[in-house]
Amino acid sequence: MSIELRKQASVERASEILTDEALAFIEALHQKFRGTRDERLAARSARREEVATTGKLDFLAETRHIREGDWQVAEAPADLQDRRVEMTGPVSPAKMAINALNSGAKVWLADLEDASTPNWHNVIDSQVNLYDAARGTLGFTSGEGKEYKLREDVPLAVVVARPRGWHLPENNIVVDGEPAIGALVDFGLHFFHNAKYLLEHGSGPYYYLPKLESHLEARLWNDVFVFAQDYVGVPQGSVRATVLIETIPAAFEMDEILYELRDHASGLNAGRWDYLFSMIKYFRDAGEEFILPDRASVSMTAPFMRAYTELLVKTCHDRGAFAMGGMAAFIPNRREPETTERAFAKVREDKTREADDGFDGSWVAHPDMVPLCKEVFDSVLGDAPNQVSRKRGDVNVTAADLLNVAATDGEVTEAGLRSNLYVAVNYVAVWLSGMGAVAIHNLMEDAATAEISRSQVWQQLRNNVQLADSGNRVTGDLVQTILAEETERLRGEVGEDNYVKYFEPASRLVGDICLSEGYTDFLTLPAYKLVS
């Protein structure tokens with residue numbers, strides 16, 4: 001074989017995952033699809049440069065026949081018909097996986113992407129936990145002797161795994177002398193070990209696909225599914241994939257993405273935080289009309305966000321696919337009941353809007369939020385498993401609607417700049433420590449919110465934005481000063497050992513990518529070099 005491991009994983013049962021047969025499958029995936037993956041990443045850059053030059057993004061003329069055609073995606077399997085509440089979270093450690101499976105949610109988004117630090121331990125430990133989850137044997141005993149096990153009195157959440165995006169490498173596996181593709185490692189190990197078992201036991205290999213920027217990237221995934229099903233010997237159409245519409249170019253290709261995956265498609269998800277990141281990233285040098293206010297001011301009722309979510313529901317239901325709502329990132333805090341009560345009211349308002357708009361379900365980041373989300377969707381769905389039959393013929397979204405950032409209420413403030421730098425450093429530091437999801441100020445933050453934070457700083461700096469509350473202009477000196485102050489504040493909050501090990505390098509990384517002349521496409525790429 002031309003595949004090798006650069007180091008052994010510090011996971012007791014790694015040998016059960018990294019078998020010769022599984023590695024041969026990973027090798028085959030890379031040899032067949034690496035070239036196309038590389039072409040698709042190059043196409044991303046070329047299209048972004050074209051948009052930067054022309055200032056325009058529109059629906060594709062060459063695929064009009066798909067948007068206007070009469071076609072449907074494959075019918076959902078029985079255990080994916082009802083997705084009214086989906087719990088999200090990392091797969092490692094096992095305790096968090098068990099809590100998610102036991103949460104009462106219909107689906108668990110088992111996240112190998114934005115809520116997971118892809119160090120080698122986490123990558124393999126996650127695969128062990130997914131293997132055990134598929135077989136109902138997942139368990140964990142803490143150092144204090146507390147046992148965690150799967151409930152037998154209620155249905156467990158159906159597992160939908162989210163592999164890494166196409167851009168991320170897996171440095172600990174080398175194929176033909178090059179680092180492996182993280183997406184193919186995550187998908188390949190899970191599919192190889194679990195697809196047959198899941199199908200034999202009434203479920204199937206189900207996936208969320210992140211960070212897609214075009215229907216051709218969806219076609220690549222579809223080709224991967226076709227090859228994998230033949231390789232392992234399961235029927236074509238066994239895979240079901242839900243695509244996160246979390247990039248602005250993908251919002252212009254929703255029909256086309258579903259069409260490419262139509263034999264394997266389950267639905268689309270409104271990945272709201274990455275969508276904001278993508279909007280900033282794509283139009284970072286397009287002038288003042290694309291400068292968003294403080295992150296906390298951008299709600300789902302902003303005109304460009306309403307256009308995006310309503311188009312998503314209409315597109316999905318026209319094609320017989322599920323429309324999945326966005327993340328409720330709030331983390332309840334029993335020590336702050338008034339804060340929790342206010343946050344619950346905001347979450348209820350958000351989920352009610354989604355259910356009323358026609359979404360078939362939505363995401364929560366904490367088990368305590370499952371009952372609230374379920375109650376809201378129960379009130380709309382009743383005994384029906386979903387509302388796919390509800391068409392949104394009243395929706396007519398134009399390219400201008402999707403790009404109407406200028407109509408967003410709010411201001412750019414120094415307080416917002418300070419918050420962005422605090423969140424970016426805090427999140428990156430925790431990410432470097434091995435945890436991909438962290439509660440900051442009662443919100444579950446993952447890579448997407450850190451990406452928004454540092455991207456806003458870069459954009460504001462390059463556009464010499466004036467801050468509404470202080471009157472200051474965003475300059476390199478101001479960013480460096482506030483970054484130093486926020487880093488010092490974190491130093492007092494986390495203790496000296498953690499500061500030196502994680503927060504100091506995180507602050508350097510955030511400073512480098514915010515102050516650099518060139519824009520860094522994903523902060524996880526330079527950060528990954530520090531953990532792999």
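User: Which element gives the most to the lining of the largest pocket?
Analyst: This is a predicted model, in which local features need pLDDT of at least 70 and side-chain atom pairs count only at pLDDT 80 or more, while totals for chains, interfaces and linings use all residues. Residues are numbered from 1 along each chain as its sequence is written, and side-chain values use heavy atoms, with hydrogens and water left out. Helices (DSSP runs of H or I, at least four residues) and strands (DSSP runs of E, at least two) are numbered from the N terminus, and those that each supply at least two residues of this lining are α10 (272–282), β12 (322–328), α12 (337–357), α15 (414–432), β15 (443–445) and α17 (476–494). With eight residues, the element that gives the most is α12.

User: Of the residues that line the largest pocket, which are the closest to its centre?
Analyst: The lining holds 15 nonpolar, ten polar and twelve charged residues, where Ala, Val, Leu, Ile, Met, Phe, Trp, Tyr, Cys and Pro count as nonpolar, Asp, Glu, Lys and Arg as charged, and the others, Gly among them, as polar. Of the 37 residues that line the largest pocket, the closest to its centre are W273, R295, A296, K346 and L443.

User: Which residues of the lining lie nearest the centre of the second largest pocket?
Analyst: The second largest pocket contains about 430 Å³ of space, and two or more lining residues come from each of β2 (85–90), α4 (94–101), β3 (107–111), β11 (265–270), α10 and β12. Its lining divides into 17 nonpolar, seven polar and eight charged residues. Among its 32 lining residues, those nearest the centre are T88, G89, M327, A365 and M444.

User: What is the volume of the largest cavity?
Analyst: The structure holds three cavities of 30 Å³ or more. The largest cavity is lined by six nonpolar, three polar and six charged residues. Its volume is about 120 Å³.

User: Why is strand β10 largely enclosed by the rest of the structure?
Analyst: Buried means under 20% relative accessible area, exposed means over 50%, and partly exposed lies in between (1.4 Å probe, protein chains only). On one side of β10 R240, T242 and L244 are buried, and on the other A241, V243 and I245 are buried as well, which leaves both faces covered. Strand β10 (residues 240–245) is largely enclosed because, of its six residues, six are buried.

User: Which residue of β11 is the bridge partner of L244?
Analyst: Two strands pair if DSSP finds at least two bridges between them, and β10 runs parallel to β11 over five bridges. Strand β9 (residues 206–209) is also paired with β10 in the parallel sense, over four bridges. In β11, the partner of L244 is N269.

User: Is E310 buried or exposed?
Analyst: E310 sits in helix α11 (residues 303–318). Leaving aside residues up to four places away in sequence, E310 touches D357, R392 and V395, contact being heavy atoms within 4.5 Å. With a relative accessibility of 18%, E310 counts as buried.

User: What is the omega of the cis peptide bond that joins S92 and P93?
Analyst: P93 is placed in the loop between β2 and α4. The bond that joins S92 to P93 is cis, with omega of about 10°.

Methods. On a 1 Å grid over the protein atoms alone, a cavity is a set of points where a 1.4 Å probe fits but cannot get out, and a pocket is an open set with protein on both sides within 12 Å along at least five of seven lines; lining residues have an atom within 4 Å of a point. Grid points are joined across faces, edges and corners, and a volume is the space filled by probe spheres set on the points.
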